[in-house]
Amino acid sequence: DAITNGLLVAATLGAGAAILGVFDADAGPVSIGQEYLRAVAPSWLALGVGVVLGNAMAGAGATRTTMTVDLAVILGFQFPACIVAVAVLGMPRQVLFDLVAATNVVSGLAYAGVFARGRWRKALGAS
């Protein structure tokens with residue numbers, strides 16, 4: 001997963017304009033898309049950790065645990081941080097892109113922590 005995500009990050013950072021240009025040739029949206037990719041693409045490596053660990057837990061039957069982690073990250077971090085950034089502080093879109101990247105890192109860390117603690121295995125009756 002790390003190799004795949006690393007290649008995906010390199011491809012999107014290196015050829016982002018060409019990839020985005022397939023969907024819209026207008027320079028404005030392509031420029032915004034490139035801003036997003038520059039901010040978020042590197043965080044896909046951390047997100048990949050979360051995806052792999054979450055899929056391992058879900059595959060073992062701990063689907064409630066993975067749903068809880070996802071909800072905690074989105075409702076406990078991403079949603080409130082974005083609302084405060086936009087509605088309270090009036091921050092620019094770049095901050096939202098940075099918060100999406102931060103959410104990916106938080107997700108990877110949350111899954112790593114939950115996986116390492118191993119309590120999700122006990123709920124399944126495993127050792």
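Predicted model: local features only at pLDDT ≥ 70, side-chain atom pairs only at ≥ 80, totals over all residues.

Me: Which residue forms a salt bridge with Glu35?
Reply: The rule asks for a side-chain nitrogen of Lys or Arg within 4 Å of a carboxyl oxygen of Asp or Glu. Here the closest N and O atoms are 3.2 Å apart. The partner of Glu35 is Arg93.

Me: How many residues apart in sequence are the parts that this pair ties together?
Reply: Arg93 lies in helix 5, and Glu35 lies in helix 2 (residues 27-40). The pair therefore ties together parts whose separation in sequence is 58 residues.

Me: Is Arg93 buried, partly exposed or exposed?
Reply: Its relative accessibility is 40%. Buried needs under 20%, and exposed needs over 50%. So Arg93 counts as partly exposed.

Me: Is Thr103 buried or exposed?
Reply: Thr103 sits in helix 5 (residues 93-117). Its relative accessible area is 6%. The cut-off for buried is under 20%, so Thr103 is buried.

Me: Which residues does Thr103 touch, not counting residues up to four places away in sequence?
Reply: Thr103 belongs to helix 5. With those sequence neighbours left out, its contacts are Val73, Phe77 and Gln78.

Me: At roughly what angle do the axes of helix 3 and helix 4 cross?
Reply: Gly54, Met57 and Ala58 in helix 3 meet Thr63, Thr65 and Thr66 in helix 4. By class, this contact has 2 nonpolar, 4 polar and no charged residues. The axes come within 7 Å and cross at roughly 150°.

Methods
Residues numbered from 1 in each chain as written. Heavy atoms only, no water. Helix = DSSP H or I, 4+ residues; strand = E, 2+ residues; numbered from the N terminus. Buried < 20%, exposed > 50% of the residue type's maximum accessible area, 1.4 Å probe, protein only. Contact = heavy atoms within 4.5 Å. Axes fitted to C-alpha atoms, helices over the stretch in contact; angles between N-to-C directions. Nonpolar A, V, L, I, M, F, W, Y, C, P; charged D, E, K, R; others polar.
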